Amino acid sequence: IMLPRCAFSVCHVFVLVLCLSSAEDFDWTKNDHSSFYYGTFPAGFSWGAGSSAYQTEGAWDKDGKGLSIWDVFSHKKGKIQRNETGDSSCEGYHKVKDDVSLMKELKLNHYRFSISWPRLIPTGIKSDHINEKGIQYYDELINHLLENQITPIVTLYHWDLPQVLQEKYGGWQNISMVNHFNEYANLCFERFGNRVKYWITFNNPWSVAVEGYETGEHAPGLKLRGTGAYRAAHHIIKAHAKVWHSYDTQWRGKQKGLVGISLSGDWGEPVDISNQKDIEAAERYVQFYVGWFATPIFHGDYPQVMKDFIGRKSVQQGLGTSRLPSFSPQEKSYIKGTCDFLGIGHFTTRYITQKNNPSGRSSSSNYFTDRDLAELVDPRWPDPGSEWLYSVPWGFRRLLNFVKTQYGNPMVYVTENGVSEKMLCTELCDDWRIQYYKDYINEMMKAIKDGVNVKGYTAWSLLDKFEWDEGYSERFGLYYVDFRNKNKPRYPKASVQFYKRIISANGFPSQREVENWRRKAVETCSSSNQLLAADPLTSHMEMVTEIVVPTVCTLSILLSAIFLMFLLRRRN
Ligand code: NOJ
């Protein structure tokens, strides 16, 4: 079903109405202390933390795993900060028990992780070969989680496409991915579906499409400006729908699980709330982000505004058809409604204003210029870590309300939310992260009060890990990982103590208590800081035992042999 043309303006009116009506309960614009909401989450609300395979597992070439596009991309010089790779990362592949005990310590209800497709199917093509060792690893992880009453939420695709599929077919540029992905998904349902009840087909397809096939900042590094992202997204949406139908017809009956998708989106706030052009530009920003994927999945087709803008610009370029592909009527009805729950990954917000990007024959249009807008930030917004990540908690509540109204109040799991810190920061007293979680989780609580159907929250991430093109320079973890040390030891940051208390209380009981948690969290982190400070010494001692001792031994044996030979000669 196509959105009627008038839907766009109705949405604007709605946004305004929403702002006005909810202003009675909560102040939409302020984020001062007095706007904090004390209370608890609905009973049964699920608290978790997350990770992804390439970012944490390491063991990139162990036990029969095939290459992924990220293995190949990260080994190319100049693609990743300091040419770092995920080769060993957190060594999560070898630390299942350790990591599950960290989750226990946090009292998590769920853990979100992803399966590496080439670890299960090395070439990506199921009929080629299935790697039983890979299956065993995920079996062990799932069983361990369940033994500890932690629900696994499993992502099938967190960006690590088998390299063979990229080389042979062009990866997500090619429609044949739909069937290969479906076969892989069915293998996962067959082997793990008796124990896994929450499946996420794709993580953040926006990033796969835009950064993988349009800007080339991510693997596979293609710069197909103006078409690459739309084409990749088109095939991803079809692949998602196919997998949902497979589950629905073949597995749901006996396994009784749910299949969703995880979409990432920043919130876009009009710079000038009284300017209709800015309001429309901000709406466009969100439609080109979340709407690009959610509208086909919930309503059967791309957002009208994307069809209009990309279509018009394509005509201006002299193209015969739109650079945005279209779905046939059969495809629309096949895709519509293929979502049992919607995963939302959210980190930050932008102010948006209208900005025309005229597209003539000579100009090079791309995803970004197609939107006709400019993004701005408020310099007062805190930005403790990643360059792009400003802490703007109120944007979270608005995005969640947008999801509720646009897609018919679906069941929502927050699949990613968190903040990073800068590179060489070995500070475990992460007060700013406590502040971020406290405020963002509180805005989520307000969204639930607004009627958004949020069932669970996933802090991103459990551990510090490989942060894609940023390498290890950005640390998102609740636990600090010492990457200098071969054993990759984990240390709790102060935010572990704080998050743990939110989980135990299922919310924020009172100002006094929450202040208390914060004080205690910051107190305990100083002892972890001392442990970490001693770590370079430990690594140094390890180096002594591993390199210096054997070298000295070998040298002494050699010298004694020479000395012996010398003695024997003299005797003769
Ligand atoms: C979203 C991605 O899904 C995740 O892998 C990444 O760590 C976060 N963004 C933070 O950049």
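Mentor: Let us begin with burial, for which one cut-off is needed: a residue counts as buried when its relative accessible area is under 20%, as exposed when that area is over 50%, and as partly exposed in between. Please bear in mind that this is a predicted model.

Trainee: By that cut-off, is Cys429 buried or exposed?

Mentor: Cys429 has a relative accessibility of 17%, so Cys429 counts as buried. Cys525 is buried too, with a relative accessible area of 2%.

Trainee: How many disulfides does a search of the whole structure find?

Mentor: In general terms, a disulfide is a covalent bond between the sulfur atoms of two cysteines. Here the search of the whole structure returns 1 disulfide. The bond joins Cys429 to Cys525, with an S to S distance of 2.1 Å.

Trainee: Which parts of the chain does this pair tie together?

Mentor: Cys429 belongs to the loop between strand E11 (412–417) and helix H16 (431–450), whereas Cys525 belongs to helix H18 (residues 511–571); the pair therefore links parts that lie 96 residues apart in sequence.

Trainee: What is the handedness of the disulfide, and why?

Mentor: The disulfide of Cys429 and Cys525 is right-handed, because the torsion about its S-S bond is about 105 degrees.

Trainee: What can be said of the accessibility of Cys90 and Cys339?

Mentor: Cys90 has a relative accessible area of 0% and is therefore buried. Cys339 counts as buried at 13% relative accessibility.

Trainee: Let us turn to the surface. Which residues form the nonpolar patch with Phe566?

Mentor: A residue must have over 30% relative accessible area to take part in a patch. Phe566 forms this one with Phe563 and Leu567, and together they have about 320 Å² of accessible area. Phe566 is located in helix H18, and its relative accessibility of 47% makes it partly exposed.

Trainee: Finally, where does Trp159 lie?

Mentor: Trp159 is in the loop between strand E4 (151–157) and helix H7 (163–169). With a relative accessible area of 8%, Trp159 is buried. Its C-alpha atom is separated by 8.6 Å from that of Asn204, 45 residues apart along the chain.

Key. Residues are numbered from 1 along each chain as its sequence is written. This is a predicted model: local features need pLDDT of at least 70, side-chain atom pairs count only at pLDDT 80 or more; totals for chains, interfaces and linings use all residues. Side-chain values use heavy atoms; hydrogens and water are left out. A disulfide is a pair of cysteine sulfur atoms within 2.5 Å. Helices (H or I, at least four residues) and strands (E, at least two) are DSSP runs, numbered from the N terminus. Buried means under 20% relative accessible area, exposed over 50%, partly exposed in between (1.4 Å probe, protein chains only). Patches are made of residues with over 30% relative accessible area and no salt bridge: like charges are joined within 9 Å, nonpolar side chains (Val, Leu, Ile, Met, Phe, Trp, Tyr) within 5 Å. Accessible areas come from the Shrake-Rupley method with a 1.4 Å probe; for residues, only the protein chains shown count as cover. A salt bridge is a side-chain nitrogen of Lys or Arg within 4 Å of a carboxyl oxygen of Asp or Glu.
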